Amino acid sequence: MLTTLDSILTALNVHGTAEQDRQATPLALDWIPQATTEQLTLLFEQIAQLASDQQLNESVLTAVLRALTRANVDERQQPFAALVSPMVRAYQQLPATSPARHLFLSRLAQQGDAESLQAFAELIAVDPPPQPEAIIEAFAPLWQQEKLDYSQLFPRLLDALAHPAAATVVLDFTNFLHAKGRVVEHPAKQRSQQLLELFSRLIERLEGFEEASAQHGVKDLGDAQQVTESIGLAIALCYALSLMKESEAMGRFYRMMDLSHRRLRVEAATALSRLQEKAGTETLVELAAEPSVRLTVLAYAAELGLLDAIDAQHRSQVARAEAELINQLSEPRFYGHPPTACELMDSRQLSWPGFDEAVDCYLFRFTYVLPAGEIANVGIAGPLAHTFAADLTELAIPDAYAAFAGWQAEHEEIRELQIDPTNMQQSVEVEKLRRRMADEAFADIKPQFIGVFFGERCLVASAAWQGASGWIVASGHDHLWVTRGNSTRPIQAELAFSIFKGQRLLRSFNREFEEA
């Protein structure tokens, strides 16, 4: 009869069945917290062997290791130190491209004892994951624990500065420890000369990139990625050297402040201000006018006691809200850079889904002027910072608020149901709502899905009305009509349902919502 360990080991083999893969996660979650040291050691040894033979199922490995990071290993029952060596061996056998490899590091960091921290520092120093996001996840437990013996990490961890993917995270961590007072001396203080040399090389690289891009533009995505990595490391180095009060870095700070990249200028200006340089303080205050870096500027200004020196209009709640939205728009998942223009459309205080108290809400219209033409849309800040791919510029202001409120709302009694043609009761319900919409002069009605809103069921369907195409959201006693709008960025059925949900929620808790 197979044991749980046998079942997990079978699933870890690439030749395991789909059913074994599916069962691996619940098996691991139940078994790992109760497994003995000997059993866990065998598990790690088998992982190492399967990896060496290139027979390892990476998806199952990920499930098993995530279960391991959730488990609380009882030191009274089984000293975790005995597991460190087999975990290290398994890590070393896994390929650098493994999507699960970094979870071994995360578990070592989570445990936090001397042996685990020493092993963590050694692996990061000599063989860190090549993916920055994997390194960030590996370090996450270290940021969260306040009482660790950091002497077990340093100075060995600083040898990771030789690895570009790890260097930024390592420096960010050391800066955090010093800024939060968890260590008296900056952990990288003894490496200041190395940091100064690295900082110089980075500034030269960034200066060269700015000069080349000004003449020829950015032509190579690989170069762009390298510059992005250089910017992150330059910021971390700048902060580290300023925390150390390294006067030798002064000239480098001025050179960095002369670059056009706004965030780099903010960091350099802040570093100079920490060193009592007037030019740094003046530049930092001026940069509050730039929405893309405003929140960072205000945070540094508060730290340095400079908030009163910043123009009141750039410290206002509206200015902060604008900056919050622009920061979101600059993320890769949205537009990747700040808009050409952004202006306030409306602001009001609303009771908002998920908040106990009323929230200040701000709607902005933003515009991007691109080589292919102009793109305009509406975004929100306050309860959330967000925009949609669909064009909301033709919506009435209350409907725009409703779109965001309905999209953000989460409740077990709010959901979408796919229409099942074999469900006779559902078919009758859909047909009844469809006929009612036909009686209201809607044409070409095509049901999409059923929306459920606190027990009330409604039909979401595409339709035509008065020569326009759009969406109808019909309940038993009323309906909402939403046009598709912009033909290149139309409103989709799910967003129409979000407007319906948002209207109901905002009307319920805000008197005279549409008239406000």
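The model is predicted, so local features need pLDDT of at least 70 and side-chain atom pairs count only at pLDDT 80 or more, while totals for chains, interfaces and linings use all residues. Residues are numbered from 1 along each chain as its sequence is written, and side-chain values use heavy atoms, with hydrogens and water left out.

**Cysteines**

- A disulfide is a covalent bond between the sulfur atoms of two cysteines.
- For Cys342, the closest cysteine sulfur is that of Cys361, and at 16 Å it is too far for a bond.
- Cys342 counts as buried because its relative accessibility is 18%; buried means under 20% relative accessible area, exposed means over 50%, and partly exposed lies in between (1.4 Å probe, protein chains only).
- Cys458 is buried as well, at 1% relative accessibility.

**The chain as a whole**

- The chain has 19 helices and 9 strands; these are DSSP runs numbered from the N terminus, with helices being H or I of at least four residues and strands being E of at least two.
- Its C-alpha trace spans about 80 × 75 × 45 Å along the principal axes.
- Of the 516 residues in the chain, 47% are buried.
- Among contacts in the chain with a separation of 6 or more, 61% are between residues 24 or more positions apart; contact means heavy atoms within 4.5 Å.

**Aromatic rings**

- The structure holds 20 aromatic pairs; rings of Phe, Tyr and Trp (its six-membered ring) pair if their centres lie within 6.5 Å, and planes under 30 degrees apart count as stacked, over 60 as edge-to-face and the rest as tilted.
- One of these pairs is Tyr150 with Phe173, an edge-to-face arrangement with 6.4 Å centre to centre and 65 degrees between the planes.
- Tyr150 lies in the loop between α8 (132–144) and α9 (164–179) and Phe173 lies in helix α9, so this pair ties together parts that are 23 residues apart in sequence.
- Tyr150 is buried at 8% relative accessibility, and Phe173 is buried with a relative accessible area of 0%.
- Phe366 and Tyr368 make another edge-to-face pair, with 6.0 Å centre to centre and 85 degrees between the planes, and both residues are buried.
- One aromatic cluster is formed by Phe120, Phe139, Trp143, Tyr150, Phe154, Phe173 and Phe176.
- Over the ring of Tyr91 sits the charged end of Arg101, 3.9 Å from the ring centre; a charge sits over a ring if NZ of Lys or CZ of Arg is within 6 Å of the ring centre and within 35 degrees of the ring normal.

**Backbone features**

- Most residues other than glycine have a negative phi, and most peptide bonds are trans.
- The peptide bond from Phe154 to Pro155 is cis, with omega near 10 degrees, and Pro155 lies in the loop between α8 and α9.
- Gln54 has a positive phi, near 55 degrees, and is not a glycine.
- Gln54 is placed in the loop between α3 (37–52) and α4 (58–70), where it is exposed at 70% relative accessibility.
- Asp444, also not a glycine, has a positive phi of about 50 degrees.
- Asp444 is placed in strand β6 (residues 443–453) and is exposed at 52% relative accessibility.

**Two residues and their surroundings**

- Asn57 is in the loop between α3 and α4 and is buried, with a relative accessible area of 9%.
- A polar atom of the Asn57 side chain lies 3.2 Å from the backbone nitrogen of Val60.
- Leaving out residues up to four places away in sequence, Asn57 touches Ala11, Leu12, Asn13, Val14 and Asp21.
- Tyr335 is in the loop between α16 (317–329) and β1 (341–350) and is partly exposed, at 24% relative accessibility.
- With residues up to four places away in sequence left out, Tyr335 touches Leu329, Phe366, Tyr368, Ile375, Asn377 and Thr387.
- Tyr335 and Gln425 are 90 residues apart in sequence and 44 Å apart in space, C-alpha to C-alpha.

Methods
Polar contact = N/O pair within 3.5 Å; in protein donor to acceptor, adjacent residues only side chain to side chain. Disulfide = S-S within 2.5 Å.
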